[in-house]
2 protein chains.
Amino acid sequence: MAEGPTITTIAERAGVSIASVSRVLNGLPTRQETVRKVMAAAEELGYVRNAVARSLKSRRTHQVAFAMADVGNPAYLAMLRQIQPVLKAAGYRIVLHSTDAVVADEIDVLHSLGERYVDGLIMSPLRVTGRHLQMLATARAPVVIIGSVPEGTPVDNVRADSRTGVKLAIDHLHALGRRRIGMVNGPPDTVPGAARGAAYIEALEACGLPYDENLVQIGDFYRAEGGRAVAALLDRVPDLDALMCANDLIALGALDVLRAAGRRVPQDVAVVGMDDTDLAAASWPSLTSVSLGSAERGKAAAELLLDRLQHGEREPRVVTVPPRLVVRASTTGEEEGGT
Amino acid sequence: MAEGPTITTIAERAGVSIASVSRVLNGLPTRQETVRKVMAAAEELGYVRNAVARSLKSRRTHQVAFAMADVGNPAYLAMLRQIQPVLKAAGYRIVLHSTDAVVADEIDVLHSLGERYVDGLIMSPLRVTGRHLQMLATARAPVVIIGSVPEGTPVDNVRADSRTGVKLAIDHLHALGRRRIGMVNGPPDTVPGAARGAAYIEALEACGLPYDENLVQIGDFYRAEGGRAVAALLDRVPDLDALMCANDLIALGALDVLRAAGRRVPQDVAVVGMDDTDLAAASWPSLTSVSLGSAERGKAAAELLLDRLQHGEREPRVVTVPPRLVVRASTTGEEEGGT
DNA sequence: TTGTAGGCGTTATCAG
DNA sequence: CTGATAACGCCTACAA
């Protein structure tokens, strides 16, 4: 933990000016002799360049922030897993923010861009409020939003297509002969909550199934809350034969509660989750789940941000990642073996 | 994305000196009138203080790095989940590094402390090599290691007690009447690999069970590798009746392979994992697992680092977190219902 | 090719 | 109480 050497220290040691040291360190044309002396001094002193000073001068931090709603949700992790290598390869560090989907915290993160400790931000908000849009419009660094923002918002935008995703799931359940399909959703004031709720109604109608509002239960995007919501739903509609869950955590809660209630999955009640997280493959029974392409969305977001960082101003872009239904035992009863 | 205002901008606008602006912004005693003018100007301009310049001056970045081996392993996530709020509450941001347990990458991270972009580091290396120790001895910022380092290494150290943990598991299996207990371990040149391998032998002897090296199979700490290792082990020792797996991912791989091989869990083969991750509770059958206190270790690490950052030099500390056996269906056959 | 000097935005010292 | 002014460590004209 010794005092770190600076270019001044090196300059003294090598008997040259700090300008020469800087030049050598940055590979600018310099006399061989000088290069040798500087390198030798730097080596002996164990010099490492100071990133902070460099940032102040260059106005670039080589850091990018990623703001996730919930560190406990594997869907965000899947994004992070893809974001990480893309940014790292381009020489960026990742600063992690966990907002717990609290709007004030998200606004804080947006506001803190003004502190200029990062060159850009990838954010995945659950709600997009007026304040969000206002902050986004005046953000002091490029932002990529994973989730949907209104047209005209001056940020790059990576979207999932949960509408089609829900339709894939409902069609699948319908094809399996299910007719009383319940929906366990997260808060309707969240972007995914609203989209998935609307998509459910739409998909039912497309199948020719009647929409019964008793079949819809609002909870939250966590396992315990999901379980509670399912319990309430079962209570009200004992004869339902399938559950569309707005994410995998809710679906796990559903499995908990159904098991406790003695309902067999999928014989009595088929269950579908969303996000196709690692948990879906590990659960019992394994969970049919709609992949919304978390990994792909993370990768796309990182690439959009990099492009923006490297090429500066341009029109905002929108990338939409298509969903995919991953069928497992919770709807078909067939556990896959092997790896 | 307008040019950001600086204290100079504010000073001009308010008609005072930059020194006064700085004072007001830092809450130092100032005349009311001046305060008012400065605040008004700052408000109008949407001023946000520049973190980089502030860091250069104060030699504090208010950032802490967390270097995890594997973003895909929920055990590290559990740590992160605890580290995050502790550091955030103290005003620190988290910079995330994923090293994939590659020694060179970990050394890089240690080396990069010299760049002074963080005030400290929490690292959880799988291996601790000579180079690690060498870098730790000369690290340019406080480091907390999650994992075991030799006595005398000048860093704070949070340890799991996998020796006791393995013993808990073996005792449990022995008490259930299992006598041919296999071990699926990660690489023996890793700290946990070595510790758990030795603990297995020790625990067997403590139970009065003979040690048979055929019962030990080396793989790696991932699901697919774990599965392959189990397959090899089953091939060689068809009559084993229990598996001690060195982490939960390996155990999941074991479940995959056992299912494919038509062995019932736990009737034919009981399975125990380690780390007690979310996956253990979600898997089928749910997984008995030894909790090594990932969450507690993360919390302890964050607190040690904070203490060090706030109080400066002091003797290195060692915190050891006790293990806990979490019994589930993969050894007893009884699925818990409910949440 | 090399050195001197100014500035990136803040904080802090020291006279007024 | 306030205003110059000097750092913090680095980069980069500009001049020698």
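In this description, Ala, Val, Leu, Ile, Met, Phe, Trp, Tyr, Cys and Pro count as nonpolar, Asp, Glu, Lys and Arg as charged, and the others, Gly among them, as polar. With these classes in hand, the surface near DNA strand C in this predicted model can be sorted into 8 nonpolar, 8 polar and 8 charged residues.

The same surface serves both copies, as 98% of the contact residues of chain B recur in chain A.

Turning to the DNA, helices from both chains take part. At least two residues of the surface near DNA strand C come from each of α2 (18-25) and α4 (51-58) of chain A, and likewise from each of α2 (18-25) and α4 (51-58) of chain B. The most is given by α2(B), with 4 residues. Of the 24 residues around DNA strand C, those that come nearest are S20(A), R23(A), T34(A), I7(B) and Y47(B).

Which parts of DNA strand C lie within 4 Å of the protein? Sugar or phosphate accounts for 58% of these atoms, and bases for the rest. Both kinds of partner can be seen in individual side chains. On the phosphate side, Y47(B) places a polar side-chain atom 2.5 Å from a phosphate oxygen of DNA strand C, while for S22(B) such a distance is 3.2 Å.

Terms used: Residues numbered from 1 in each chain as written. Chains lettered and ligands numbered in written order. Predicted model: local features only at pLDDT ≥ 70, side-chain atom pairs only at ≥ 80, totals over all residues. Heavy atoms only, no water. Contact = heavy atoms within 4.5 Å. Near = heavy atom within 4 Å. Polar contact = N/O pair within 3.5 Å; in protein donor to acceptor, adjacent residues only side chain to side chain.
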